[in-house]
Amino acid sequence: MGARTTPGQDGAAMHEMSVALSVVDHVEQAVRPDGAHGVRRVHVEIGELAGVVPDALAFCFELACSGTVLEGAELVTRFLPGRASCAPCGRAWDTGMPPDMTCAACRGGATELLSGRELRITEVHWSAEPAAPDPGPAPHPEESR
């Protein structure tokens with residue numbers, strides 16, 4: 001029998017894998033500085049409401065980088081809070097998760113989401129050193145008898 005999974009678990013992993021693959025694709029398409037052979041580090045900003053699980057993204061990023069110019073690169077994530085504002089009274093607040101979109105000051109519902117859904121690459125640190133080749137599995141000594 002196959003392994004059992006928690007409902008939604010596969011969908012969450014698929015979401016983070018698609019995000020990781022997109023980051024790798026965007027960085028690979030970026031113009032490399034002269035002399036750059038690889039990528040040391042990629043910085044991304046992720047909004048609290050973007051639905052990204054940090055540990056799952058880090059795991060998927062490592063897999064997505066395999067065999068690319070990003071192999072071995074570090075993923076640095078900065079999480080941004082969800083923020084909303086109230087049109088009638090002008091108050092702004094952190095929405096939390098799940099997001100609270102009702103104004104605590106006037107109890108109004110005419111609110112606007114200001115931030116929290118971001119997902120963007122903010123920096124790429126290129127490496128002038130070529131990535132070390134994968135030595136592959138260690139050879140097994142053969143018996144000569």
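Visitor: Which residues does Thr68 touch, not counting residues up to four places away in sequence?

Guide: In this predicted model, Thr68 touches Val24 and Glu28 once residues up to four places away in sequence are set aside. Thr68 lies in the loop between H2 and S2, and a polar atom of its side chain is 3.0 Å from the backbone nitrogen of Leu70.

Visitor: Is Thr68 buried or exposed?

Guide: Buried means under 20% relative accessible area, so Thr68, at 19% relative accessibility, counts as buried.

Visitor: How should I read Gly90, buried or exposed?

Guide: The cut-off for exposed is over 50%, and because its relative accessible area is 53%, Gly90 is exposed. Gly90 is placed in the loop between strand S3 (83-86) and strand S4 (92-94), and its C-alpha is 9.2 Å from that of Thr111, although the two are 21 residues apart in sequence.

Visitor: In which sense do S1 and S2 pair, and over how many bridges?

Guide: In general, side chains in a regular strand alternate between the two faces of the sheet. Here S1 and strand S2 (residues 74-80) pair in the parallel sense over seven bridges, with Leu75 in S2 as the bridge partner of Val42. The chain passes from S1 through H2 to S2 in a right-handed β-α-β crossover.

Visitor: Which residues touch the most other members of the largest nonpolar core?

Guide: Within this core of 21 residues, they are Val27, Val39, Val42, Leu57, Phe61 and Leu70. At least two residues of the core come from each of helix H1 (9-29), strand S1 (38-47) and helix H2 (54-65). Beyond four places in sequence, the contacts of Phe61 include Val24, Val42, Leu70 and Leu75.

Methods
Residues are numbered from 1 along each chain as its sequence is written. This is a predicted model: local features need pLDDT of at least 70, side-chain atom pairs count only at pLDDT 80 or more; totals for chains, interfaces and linings use all residues. Side-chain values use heavy atoms; hydrogens and water are left out. A nonpolar core is a set of buried Ala, Val, Leu, Ile, Met, Phe, Trp, Tyr and Cys residues joined through side-chain atoms within 4.5 Å. Buried means under 20% relative accessible area, exposed over 50%, partly exposed in between (1.4 Å probe, protein chains only). Helices (H or I, at least four residues) and strands (E, at least two) are DSSP runs, numbered from the N terminus. Contact means heavy atoms within 4.5 Å. Two strands pair if DSSP finds at least two bridges between them. A crossover is right-handed if, with the strands pointing away from the viewer, the path from the first strand over the helix to the second runs clockwise. A polar contact is a pair of N or O atoms within 3.5 Å; within protein, one must be able to donate a hydrogen and the other to accept it, and residues adjacent in sequence count only if both atoms are side-chain atoms.
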